[in-house]
Every structure is written in structure tokens, then in C-alpha cells.
Amino acid sequence: DVTITAPTAPAITNVVANDPSNCGVNDGTITVTATAGTGSTEYSIDGGQNWQTSNTFTGLAAGTYQIRVRNAGGTCEVTYPNVTITAPSQPTIVSVNNNDPTNCGQADGIIDIMATGGTAPLEYSIDGGSTWQVNGGTYTGQPAGTYQIRVRNAGGTCEVTYPNVTITAPSQPTITSIN
């Protein structure tokens, strides 16, 4: 008697995806959990183009991944619905308006930053990111100077930079002579 046994297919029981932590960062992960079929199991996230013995994929960019699992000998490939990992959405600085101080020595200049997109509430900075405020992008009571404009998502992701803004106080008159 000869017994012929067909290979047993693995079964995908769970897929856990973690999104990239920041804009432009490739640190997303996908972990595929599967019950073994015949022998050891191989895993793919690119539709079966490349295979590995580890069920964890790291260093991933935002994108859609095609999950596959098979027996190590290449038999019984099993598919899973596509998995999408998404990077945070980057805010956009729409405009920065400023008003100069009204008089010499006055600290009443205004910087108003308008930004959209990203993950609310957006955070704003006029000192290059040393300090942040979340109650909007309007800064009043500013002395003359150069300000480094930054906006980022809630939680500190996806910081964007705007060209520096300079507000200028009126020039103080100079007495050149008294007659």
C-alpha cells in the first residue's frame, strides 16, 4: 500500500499593522500570525514576490501591502486581504501675516500663522520649535526681531518650516544738531 498525503495549508489567524510614527519615516511594521501547514511557514507582504521565514516586517513606509503565507517548500499559498499602513498627514502653512510694532521700544507686533491639514489641534512655534502653543497661530505683544515659524501635528509629528519672518520697529529719529 502507498499512502499519498497532500500538504496542509497554513492559516492566517491575525495581522497587526503599525503605522509609521512620523511623516517621511519608514518605521511601520506588519506582524502576520499563522498556524503552520506542512513544515515551516514563509511570509510575504509584496504579493509573493519575496518571502522570509520571520513573520514580522519592519522599516515599512506608508503603503498597501499584499499579505501571503505558504509552506516553506512553496506549497499551499494563502492570501489575506490587503493591509494599508498610513503615515500621519502633514499640515500645510497657508500664510503668515505680521504687523510691525507701532512705536520705538514697543512690543506690540503681531504674527498670525494660518495652517490647514494635519492632525488637530495643530501646534505653532515662532522660536524654531523651542516652545509650542496649541491655541492657534496668533502671537501678539511681539518685539522687533526675526522669528522662526514652525507648525506640527498634535503629538509633535510632521513638523513643517516656513521662511523666517522679521518684524521691524520704527526707526528712532536722531538729533544731528541743536541751533
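In which strand is the place of R150? The place of R150 is in strand β14, residues 150–152. The model is predicted, with local features needing pLDDT of at least 70 and side-chain atom pairs counting only at pLDDT 80 or more, while totals for chains, interfaces and linings use all residues. Residues are numbered from 1 along each chain as its sequence is written, and side-chain values use heavy atoms, with hydrogens and water left out.

View 1. Strands are DSSP runs (E, at least two residues), numbered from the N terminus. R150 counts as buried because its relative accessibility is 14%; buried means under 20% relative accessible area (1.4 Å probe, protein chains only), exposed over 50%, and partly exposed in between. Contact means heavy atoms within 4.5 Å. Not counting residues up to four places away in sequence, R150 touches E123, Y124, S125, G128, G129, W132, E159, V160, T161 and Y162.

**View 2. R152 and the ring of W132.** R152 lies over the face of W132, at 3.9 Å from the ring centre. A charge sits over a ring if NZ of Lys or CZ of Arg is within 6 Å of the ring centre and within 35 degrees of the ring normal.

**View 3. The largest nonpolar core.** A nonpolar core is a set of buried Ala, Val, Leu, Ile, Met, Phe, Trp, Tyr and Cys residues joined through side-chain atoms within 4.5 Å. Two or more residues come from each of β9 (91–99), β10 (109–117) and β16 (165–167). The most come from β10, with 3 residues. Another core, of 14 residues, lies apart from it and includes I30, V32, Y65 and V83.

**View 4. The open sheet β9-β10-β12.** Its 3 strands pair antiparallel; two strands pair if DSSP finds at least two bridges between them. β9 and β12 (138–142) stand at the edges with a single partner strand each, so one side of each is left without a neighbour in the sheet. β9 and β10 are joined by 8 bridges, and the bridge partner of I93 in β10 is A115.

**View 5. The open sheet β1-β2-β4.** Here too, 3 strands pair antiparallel. The edge strands are β1 (11–18) and β4 (56–60), each pairing on one side only. Between β1 and β2 (residues 28–35) there are 7 bridges. V16 stands opposite T31 in β2.

Terms used
Helices (H or I, at least four residues) and strands (E, at least two) are DSSP runs, numbered from the N terminus.
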